[in-house]
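This briefing describes one protein chain for a reader who is new to structures. Keep the sequence and the 3D view open while reading.

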Amino acid sequence: MTAAVLSPVLIVASAVAIAALERWRPYEPRQRLFRVGFFTDFFWYTLVQSYVLGLVIAWLIVVIDRTTGLSRLHLVSAWPIPLQLAFFWVTHDFYIYWFHRLQHASPILWRTHEAHHSGRDVDWLSGSRSHPLEILINQTIEYAPIVLLGAAPEVPLMKGVLDAAWGMYIHSNIDVRAGVLQYFFNGPEMHRWHHARDHGTREYNFSTKIAVWDWLFGTAYLPRSKPRAYGLWGEPFFPERGGWRGALFDYFAQLVWAFRWRPREAAASPDERSPKAPSPTDAARLASEHHPVLHVNANR
Ligand SMILES: [Zn+2]
Ligand SMILES: [Zn+2]
């Protein structure tokens with residue numbers, strides 16, 4: 001069996017195994033298999049979006065390669081395949097840790113990531129819910145170096161299987177007790193806390209595969225308790241209506257939601273929305289404090 005045939009077979013087998021383990025040893029027994037958003041995540045995000053973006057990203061990489069001719073240099077072609085896989089696995093995982101942190105820190109980049117956090121249940125399918133912009137950025141940065149540095153054709157396929165299976169695993173609703181392995185490899189124990197709404201902050205557990213990054217850079221969080229709930233906190237609304245209408249339209253509503261216009265008034269606190277008119281002295285002081293040119297003039 002060729003790697004091109006074997007890789008989708010392995011992904012489906014991992015999905016079946018993980019979904020079965022969720023039934024056998026659930027982390028959250030209340031969660032159902034056919035939860036709200038199941039169809040959206042499975043049909044739209046997993047099948048349609050992955051397929052379409054796969055074509056777009058492959059096309060982009062071909063264009064970059066035609067322009068630069070980099071793959072003809074075969075920079076890593078002589079390396080053994082396990083070494084090629086390990087190299088791209090570690091370097092991409094390091095990148096994704098920092099980009100993920102940036103997505104949580106930057107209000108603009110957060111728009112590309114909030115869909116991933118919107119699910120009220122976290123399970124084997126939750127990892128697939130990612131805005132197309134996030135996938136476009138991350139997977140181009142992931143696969144372009146593999147092709148451009150001249151890796152063996154099996155490497156992107158093997159990495160694709162690893163990514164898919166690991167993504168399902170870290171979101172899975174399986175009651176894993178990984179113990180000391182949590183210091184090295186990420187799993188549901190830590191990543192489910194990344195999706196928790198219990199806290200007023202999401203600033204922890206950004207790793208996807210290698211947990212070392214979180215421990216090393218001070219963002220690890222692994223309490224003995226379990227999260228009380230999952231999803232977005234502090235967000236007034238996210239388009240997820242469920243039912244047959246949701247099955248048809250939620251994906252598209254979520255796609256455009258990232259580009260919503262949020263009027264200044266809605267974002268401002270009540271005090272900021274109706275400020276008192278400043279007195280002339282207040283206005284001069286504020287202007288001198290916040291306007292560098294006026295500040296210089298005021299000092300003259
Ligand atoms: Zn996140
Ligand atoms: Zn996640």
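The model is predicted, not determined by experiment. The protein has 13 helices and zero strands, and 27% of its 300 residues count as buried.

**Overall make-up**

- Read from the N terminus, the order of elements is α-α-α-α-α-α-α-α-α-α-α-α-α.
- How many strands are there in the protein? There are zero strands, and the helices number 13.
- Contacts between residues at least 6 apart in sequence can be sorted by how far apart the partners are; 70% of them join residues at least 24 apart.

**Helices α3 and α5**

- Helix α3 covers residues 81-105 and helix α5 covers residues 132-148.
- Their axes come within 11 Å of each other and cross at roughly 155°.
- Why do α3 and α5 count as roughly antiparallel? An angle over 145 degrees counts as roughly antiparallel, and the crossing angle here is roughly 155°, so α3 and α5 fall in that class.
- The crossing of α3 and α5 is right-handed.
- On the α3 side, the contact is made by F88, H92, Y95, I96 and F99. On the α5 side, the residues are N138, I141, E142, P145 and I146.
- Sorted by class, this contact of α3 with α5 has seven nonpolar, two polar and one charged residues.
- The spacing of contact residues along a helix follows a general rule: an α-helix has 3.6 residues a turn, so residues three or four places apart point the same way.

**Helices α5 and α6**

- Helix α6 covers residues 154-171, and its axis comes within 9 Å of the axis of α5.
- The two axes cross at roughly 155°, so α5 and α6 are also roughly antiparallel to each other.
- Is the crossing of α5 and α6 left-handed or right-handed? The crossing is right-handed.
- Y143, I146 and V147 of α5 meet V155, P156 and K159 of α6.
- By class, this contact of α5 with α6 has five nonpolar, no polar and one charged residues.

**A bent helix**

- Helix α9 runs over residues 243-257 and bends by about 55° at F249.
- Which residues of α9 are buried? They are D250, Y251 and Q254.
- These buried residues of α9 pack against α2.

**Two residues with positive phi**

- As a general point, most residues other than glycine have a negative phi.
- H74 is not a glycine, yet its phi is positive, near 50°. H74 is placed in the loop between α2 and α3.
- Is H74 buried or exposed? H74 has 11 C-beta neighbours inside 10 Å, and therefore counts as exposed.
- N205 is not a glycine either, and its phi is positive at about 55°. N205 is in the loop between α7 (188-194) and α8 (212-216).
- N205 counts as buried because it has 24 C-beta neighbours inside 10 Å; the cut-off for buried is 20 or more.

**Residues separated along the chain and their distances in space**

- E28 sits in the loop between α1 (3-24) and α2 (38-68). With 16 C-beta neighbours inside 10 Å, E28 counts as partly exposed.
- E28 and I174 are 146 residues apart in sequence, and their C-alpha atoms are 8.0 Å apart in space.
- I108 belongs to helix α4 (residues 107-110). I108 has 8 C-beta neighbours inside 10 Å, so it counts as exposed.
- I108 and A258 are 150 residues apart in sequence, with 9.1 Å between their C-alpha atoms.
- R177 lies in the loop between α6 and α7, and with 9 C-beta neighbours inside 10 Å it counts as exposed.
- R177 and E189 are twelve residues apart along the chain, and 7.5 Å separates their C-alpha atoms.

Notes
Residues numbered from 1 in each chain as written. Chains lettered and ligands numbered in written order. Predicted model: local features only at pLDDT ≥ 70, side-chain atom pairs only at ≥ 80, totals over all residues. Helix = DSSP H or I, 4+ residues; strand = E, 2+ residues; numbered from the N terminus. Buried ≥ 20, exposed ≤ 12 C-beta atoms within 10 Å, placed from the backbone. Contact = placed C-beta atoms within 7 Å. Axes fitted to C-alpha atoms, helices over the stretch in contact; angles between N-to-C directions. Parallel < 35°, antiparallel > 145°, perpendicular 65-115°, else oblique. Left-handed = near helix turned anticlockwise from the far one by under 90°. Nonpolar A, V, L, I, M, F, W, Y, C, P; charged D, E, K, R; others polar. Bend = angle between axes of the 7 residues up to and from the residue.
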